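Let's walk through this one together, starting with a single chain and working out to what the chains share. Keep the viewer open as you read.

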Amino acid sequence: MAQRRRVSSFEWSTAVIGGISLICGTTVYLRDGSARFAAILANDLGLFGSMLPKMAAGCLVSAFVTRLLPREVVARLVGTESGMLGLLVASLMGAALPGGPLTIYPVAGAFLLLGADAGTAIAFVTAWNLLGYNRALIWEMPFFGSDFVFWRILVAIPLPFVAGALARWALSFIAARRGKAP
Amino acid sequence: MIFLIINLLLWVLVAALGLTAAVRSKALFREGAAEGARDFVLLLPRILVGVVGSGYIAAIMPQDLITTWIGPQSGLLGITIATLAGAVTPGGAVVGFSVGAAALKGGGGAPQVIAYSTAWSLYALTRLINWEVAMMPARVVWLRAIVSLPLPFLAGVGAMLIGKP
């Protein structure tokens, strides 16, 4: 399956952050003593531990939704809608469809082929980035805690519509300018 | 209490989806459960490194500098700085989330960190160039990046107005 390589076991970003963390952790230990070192570790591990059930649930939900909601169905559903309803459906699907960039961008590309406008595809990608439960549960919560993530998502709810509508407005503006040109 | 209910609801959702998959076919259920479990196990070390690392990175960063630039009192200028930082952050998810969490733990304001995280999600330049342009028509990618420019400000100001988190 195309989604097999969604998660790889080694990643440069992790290695770099791990290296920096090691230096920072050592500095804290030498500069501030073992008590402070242990306090920071306990605090972060506590947050991480309390989020484990949510992360596990997020991984399972993603894996099942990937199988129960095929990408072709999403593409057909969104690609054939238009108007404000199109933006709404695109945003909902962007939030609901799990997976990494390898999954999402081809789906957005398929919308365009099926006749959706760029605004719809943009609302979809924006919703996936900002409202996706997949990323919120598995990634954001262990880093920031539930409360922060809840409010971050709440203020982001209108943004996919804003992006989609802005894109449509920009495209119609460009088209009008071109139409007027001699 | 509320978080316990959210956890419970999540696992009810997992059970419902698992059951739906199992009704369709046993193989579908097995595949889904196996992939979910494997992703969880593979992601754990990466996220653990980032979460623990962000705590130590925050402890090393000069706190008064963070507070002045992107602290709770830094207002729109802080949101602008955070948005720019989000746009130029390189690397994958671990980097973006670690830097954001370190900023929050190190004295950054919530609206500013929300702006950072929104900008990084929407238009981190390395991701646009490495991923998106390769898979979508370039015209749409750049249009998306341009219309996304104001979104971190809207998110940051929205958080400022409601005074949460």
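In chain A, take the contacts with a separation of 6 or more: 79% of them join residues 24 or more positions apart. Keep in mind that this is a predicted model. As for burial, 46% of the 182 residues in chain A are buried.

Now bring in the partner. The contact between the chains takes 68 residues from chain A and 67 residues from chain B. On the chain A side, several helices supply at least two residues each, among them helix 1 (12-32), helix 5 (101-113) and helix 9 (159-180). Helix 2 of chain A gives the most to that side, with 21 residues. By type, the residues on the side of chain A that touches chain B divide into 47 nonpolar, 13 polar and eight charged.

That brings us to the packing. The largest nonpolar core has 100 residues, and those with the most contacts inside it are Val78(A), Ala108(A), Ala121(A), Ile122(A) and Phe124(A). Helix 2 (residues 34-68) of chain A gives the most to this core, with 11 residues. Over in chain B, domain 1 (2-57) and domain 2 (63-162) both give residues to this core, so it lies between them.

Helix 4 (residues 75-88) has 14 residues, which at 1.5 Å a residue should span 20 Å; its end C-alpha atoms are 21 Å apart, which agrees. Its buried residues are Gly78(B), Ile79(B), Ala82(B), Thr83(B), Gly86(B) and Ala87(B). What covers them includes helix 3 (63-70), helix 6 (110-123), helix 7 (125-135) and helix 9 (151-162) of chain B. Helix 6 of chain B passes the length check as well: its 14 residues should span 20 Å, and its end C-alpha atoms are 20 Å apart. How many of the residues of helix 6 of chain B are buried? The count is 14 of the 14, so helix 6 of chain B is largely enclosed by the rest of the structure.

Terms used: Residues numbered from 1 in each chain as written. Chains lettered and ligands numbered in written order. Predicted model: local features only at pLDDT ≥ 70, side-chain atom pairs only at ≥ 80, totals over all residues. Core = buried A, V, L, I, M, F, W, Y, C linked by C-beta atoms within 7 Å. Buried ≥ 20, exposed ≤ 12 C-beta atoms within 10 Å, placed from the backbone. Helix = DSSP H or I, 4+ residues; strand = E, 2+ residues; numbered from the N terminus. Domains from an automatic or database assignment. Contact = placed C-beta atoms within 7 Å. Nonpolar A, V, L, I, M, F, W, Y, C, P; charged D, E, K, R; others polar. Expected span 1.5 Å × (residues − 1).
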